[in-house]
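Student: I am new to this structure. Please show me how to read it.

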Amino acid sequence: MVFFRIYGVFVFNNPEYEMAPDANLMDWVNRSFMTIMPVVVAVCLIWFLIAYFANTAIISRSTGARPLDRKENKRVYNLVENLCIGSNMEMPKINIIEDDSLNAFASGIDKKSYTVTLSRGIIDKLNDDELEGVIAHELTHIRNKDVRLLIISIVFVGIFSFISQFLLRSMFHVRMRGRNDKNGGSTALIMVLILVLAAIGYLVTILMRFAISRKREYMADAGGAEMTHKPWALASALRKISVDSRIEAVEQKDVAQLFIDNPLKKGIAGAGKLFATHPPIDRRIQVLEQF
């Protein structure tokens, strides 16, 4: 929103915007777009660098997570270490969220930042086999580099979102100035078509992102079952998690997508399932019980 305020000040309040009636509106639109694009590219680059190098810290702040010390809970460390040794993986960092609800997620984009975060509730309310299954699920996300893929998908969603908003606000400020321009009608039509295409691209990208996320959850379930050789334990854990997975500190949808069960989920039916970040937990349990 801040960017578009700046855009409005420097472009639409520009004296050049008040063109002569016979000026070519398409030329003005093109010049305005090319003027602002370097700023857009710079902002996106800075955002990407911040997300790349500080994503773990940002996610931890968003979820209220803190490092879990080995002395504080040797049980969790032993479970993680045993799974990592058996899977030939490096030990990730371990964080805890002080919340009695049951949930967990993996984060990080490289070996230095890989982290498994567990809620206080999931540690206290699951037995060793169930907790091992949950940890194995999250380690599979790390092994498959799912978080890195999620970041890339978020970038593409942001690009299409920007293009849509840019064109929509441009059209709003232009206000069909084509009535004073020979090419105004065609310019408005072209902008409408581009806006529709950008909106479709944005929608398709979101649907692909959610579809990828749902597929990755199935793959992580399968990987966790393979890692522990106890699919029934992960199924049992998911059944308990589904009863109470709401983490109070989580408010952002992108962060919620990381969890083993979406902590912001609501009842979804019909076409709304296309926008679900996770497959139905009953279906996931059913698949695990078939192993």
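Student: Is Leu49 buried, partly exposed or exposed?

Tutor: Buried means under 20% relative accessible area, exposed over 50%, and partly exposed in between (1.4 Å probe, protein chains only). Leu49 has a relative accessible area of 39%, so Leu49 is partly exposed. This is a predicted model: local features need pLDDT of at least 70, side-chain atom pairs count only at pLDDT 80 or more, and totals for chains, interfaces and linings use all residues. Residues are numbered from 1 along each chain as its sequence is written, and side-chain values use heavy atoms, leaving out hydrogens and water.

Student: How many salt bridges does a search of the whole structure find?

Tutor: Side chains of opposite charge can pair when their charged atoms come close. A salt bridge is a side-chain nitrogen of Lys or Arg within 4 Å of a carboxyl oxygen of Asp or Glu. The search finds 14. In one of them, Arg75 meets Asp128 at 2.6 Å, N to O. That pair links distant parts of the chain, helix 3 and helix 5, 53 residues apart. Helices are DSSP runs (H or I, at least four residues), numbered from the N terminus. Arg75 is partly exposed at 26%, and Asp128 is partly exposed at 41%.

Student: Which residue forms a salt bridge with Glu217?

Tutor: Arg284 does, at 3.4 Å, N to O. Arg284 lies in helix 10 and Glu217 in helix 7, so the pair ties together parts 67 residues apart in sequence. Arg284 is buried, at 0% relative accessible area. Glu217 counts as buried too, at 2%.

Student: Which residues do salt bridges that share partners join into one network?

Tutor: Arg66, Glu72, Glu98 and Arg120.

Technical notes: Helix = DSSP H or I, 4+ residues; strand = E, 2+ residues; numbered from the N terminus.
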